[in-house]
Amino acid sequence: MSLLPETTVAVLWVGLTAYVLFGGADFGGGVWDLLAGGTERGRGQRTLVEHSIGPVWEANHVWLIFVVVMMWTGIPAVFAAIASTLYIPLTLVALGIIARGAAFAFRKASTELWQQRLFGATFAFSSLVTPYFLGAVAGGIASGRVPAGIAEGDLVSSWVNPTSAATGALAVGVAAYLAAVYLTRDAQRQGDHALAETFRRRALITGVIVGALSLAGIFVLRADAPDLYVALTSGRALPLLVVSIVSGVASLLLLWWRAYLAVRLTAALAVTGLLWGWGVGQYPYLLPGVTLEEAAATEAVLGATLVSLAVGAVLLIPSLWWLYATFQRGHHEEFGTEERGSRAG
Amino acid sequence: MDSEVLAAAASPIDLLAARTQMALSLGWHIIIACFGVGMPAITLLAEWRGNRTGEVAYQLLARRWARAMGVLFAVGAVSGTILSFEMGLLWPGLMGTFGQVIGLPFALEGIAFFIEAIFLGLYLYAWDRMPPRLHMLTGIPIVIAGVASAFFVVTANAWMNQPTGFELEQGRVVAVEPWAAMFNPATPPQTVHMILAAFMVAGFGMASVYAFAMLRGRRDRYHRLGFLIPFTVAAAITPVQIGVGDWAAHFVASNQPVKLAAMEGVFATERQVPLHIGGVAIDGIMRYALEIPYGLSLLAHWDPNARILGLEEVPPSQWPPVNITHWAFQIMVAIGLALLVLGVWMLWVWRRRRAIPESRWFLRAAVLAGPAAAVALEAGWTTTEVGRQPWTVYGILRTAEAVNPAPGLVYGFLLVAAVYLVLTVATVYVLRRLARSTPVPTAPQERDVTDYPVV
Ligand code: HDD
Ligand code: HEM
Ligand code: HEM
């Protein structure tokens, strides 16, 4: 037995994790944009959000494309089953992505207050609903509501069900939580301590909420997806769940102590534990009755794809590092000299 | 295969909706994507000249274009994401079976997208934090990655025209050679033709804006350069593109004779076939067309006696829509030739006077050239995609078998169409504002975060 299928889904899961940790936080930034309050009061927060995600969101977004492409390359029949049964929430996700990305770019490019408000509201609102539907899709898959075959599942109950509701809410919560954690540090690095305090408070509150949602989610699983529940609470996935819980609690403490850099790591670890717990808990089944072995593409395809990705990674990792390093470094000197166009508001 | 079952499951209206939705999203994305491929190179050219000569006009142009690129890349990325969703949402019958066959180029494309997005972030946002030379270097990966992503994605489309590199057993793909599928016979002409088209669309499109300003009397150096740089790039590529188009046509003639027959409106298999210009196919006859004797035999096979297969070779159920394919092809060729004439006009005047033609007719034509190149592009894709019907994978998988049999696709289509309408209006509006607003800020993406320290 070769390990190519396992390696492929592991790589896919790494992509998914990266999307949740980076892309998810960009959505969360939009949620905070939504909750920032009136134009005047919310300006500080909005500019911080904008600054933090502006240069990186496109790169973060590519992780989603990576996941989709890896699915149809590595496990094509599963991709077809998921996409065809869950086409309604996935269409809504797609529309949410259009609205969000475009509105964000348009807001940056527009100068008048009403335009910024309109685009800003679109950006913020779609940041809230898109992760919900993505989470609902994950819930439908996790609770075994997507059968093999094309459009074989129920078009509605596959994503309107208890598990999907729980995972959808959890996805929004996780996005908001990660964003708050990251933004706390960004605000601190800029020396804006009031803003850092605001986001610290928010991170603490959402952290507690996300913890509660996860706990509630476990109980929903017990009733709705017993197999996954067993795997998570007493099976192979238990260690990952423990990692997640311990990191979650540690994050709250670190936030309390204002260790903003360290909490980035633990918060990310808490979320990663949940995701990998799900993956490991479900393995080797991808869909009810469909194992990875049966669903995987041919060895030639998996081999060629993995080798290409490995070569690609050699180019990508240093580039990504450069990108993040450039925008995480302090650079006050060269800025502030430029001529600003008149700006309403 | 249980294709009969599937074909029966999707209602005709849902199939039509899915096809229209795919055409709309692709037709939209492709225009933006062309700017994604062509614009970075043209912008770098201006930036390089600006750094070399120290001339402000070049520098301003580079900044302006970079700002527009920021917007275009964002809508390019989101419209492309929709496409990758739609491949599964609309065509699970294609992706579930053949996803792995065309997966490799898409995975490679993913790498290219990463490179593009990363360096775009650096190029746009770190403009003033790097020495000019280094800044230009960050632009080069964007150019390479843009061209590469066009290449990769078109190999997947070429495979749909010339499916190779796999074996089927009872509807299941058993053995795949992913590299052979990627480098299928249609890959060389299609990818080259597409990449050149992207530079033409971007170049003529950018030049259009400045031609329009010049018609309005703004003929200072800034506007002249803004016209000259992209126009020269696009006009220089045009003759090459026509040659490559000819190559593509020969390829279709030998490998997809039914498509060629539809492109040319040929129904009967004959020798010494004339070329039809214009005309409408009615009841299996090409009417009202201008006929150039021997034309098609000559063009397709370099031989006036060459035999051309007509549509009669296959049952009518396997005919593509003849009029759409025929007209789309004619429009593309006509525009290609017209753009060539425009380039020659420019060259003629330039060689004599070292100046852009004074004639208002030249400028008017140049304003039209941008939209015209985009129309040629859409027409070319219509030729390729509609001419392949009723097949999604040529000779192997019918479109009706590929589509998602779930009910209600038509509502999805209406929703998506409404969103694209809004997106189009907003994009045009924002780009127009960007073109108008002065002064040009020094950092293209950061104008709206006034008084804010960059972190
Ligand atoms: C600016 C755009 C543009 C221009 C001026 C032309 N084309 Fe084109 N053409 C395309 C843009 C394009 C395209 C949109 O990029 C297509 C669609 C698929 C492809 O690979 O290229 C295409 C497809 C396409 C095909 C079909 C290929 C297939 O189905 O595999 C043929 C035969 C030609 N072209 C031929 C020509 C000729 C003879 C031209 C010259 C006068 C020409 N094209 C000008
Ligand atoms: C001939 C057809 C196509 C060409 C030439 C093309 C080219 C490009 C280019 C150059 C970009 C990056 C530039 C930009 O964002 O503006 C892009 C973006 C994208 N394209 Fe296309 N594309 C084509 C069709 C498709 C198809 C069929 C799909 C999917 C199935 C697709 C998926 C994407 C995605 C997901 C992105 C976003 C990448 C990002 O986030 O940066 N494209 N395309
Ligand atoms: C290179 C990337 C492309 C890929 C992978 C691709 C793939 C597909 C697929 C899967 C379908 C649906 C099945 C079918 O109708 O045969 C389709 C249809 C179609 N595509 Fe493409 N396409 C590409 C580029 C384009 C572009 C750039 C256009 C621009 C206009 C386009 C226009 C169409 C049209 C008009 C149809 C509908 C054809 C019909 O149903 O009559 N395609 N394409």
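Which backbone N or O atom lies 3.5 Å from an oxygen atom of ligand 2? The atom belongs to B:Ala77, and View 1 covers the surroundings of that ligand.

This is a predicted model, in which local features need pLDDT of at least 70, side-chain atom pairs count only at pLDDT 80 or more, and totals for chains, interfaces and linings use all residues. Residues are numbered from 1 along each chain as its sequence is written, chains are lettered from A and ligands numbered from 1 in the order in which they are written, and side-chain values use heavy atoms, with hydrogens and water left out.

**View 1. Ligand 2 lies between chains A and B.** The ligand is surrounded by 29 residues, the closest being B:His29, B:Ile30, B:Gly80, B:Phe113 and B:Trp381 (a residue is near if one of its heavy atoms lies within 4 Å). The side chain of B:His29 has an N or O atom 3.0 Å from a nitrogen atom of ligand 2 (a polar contact is a pair of N or O atoms within 3.5 Å).

**View 2. Helices of both chains contribute to the shell around ligand 2.** Helix 3 (57-74) of chain A and, in chain B, helix 2 (12-53), helix 3 (56-90), helix 5 (103-125) and helix 6 (132-161) each supply at least two residues (helices are DSSP runs of H or I, at least four residues, and strands are runs of E, at least two, numbered from the N terminus). Helix 3 of chain B gives the largest share, nine residues. By type, the shell holds 19 nonpolar, nine polar and one charged residue (Ala, Val, Leu, Ile, Met, Phe, Trp, Tyr, Cys and Pro count as nonpolar, Asp, Glu, Lys and Arg as charged, and the others, Gly among them, as polar).

View 3. B:His193 lies in helix 8 (residues 187-215) of chain B and B:Met332 in helix 12 (residues 322-353) of chain B, so the pair ties together parts 139 residues apart in sequence. Both B:His193 and B:Met332 are buried (under 20% relative accessible area, 1.4 Å probe, protein chains only).

View 4. B:Glu385 is placed in helix 13 (residues 360-387) of chain B.

How values were computed. Buried < 20%, exposed > 50% of the residue type's maximum accessible area, 1.4 Å probe, protein only. Polar contact = N/O pair within 3.5 Å; in protein donor to acceptor, adjacent residues only side chain to side chain.
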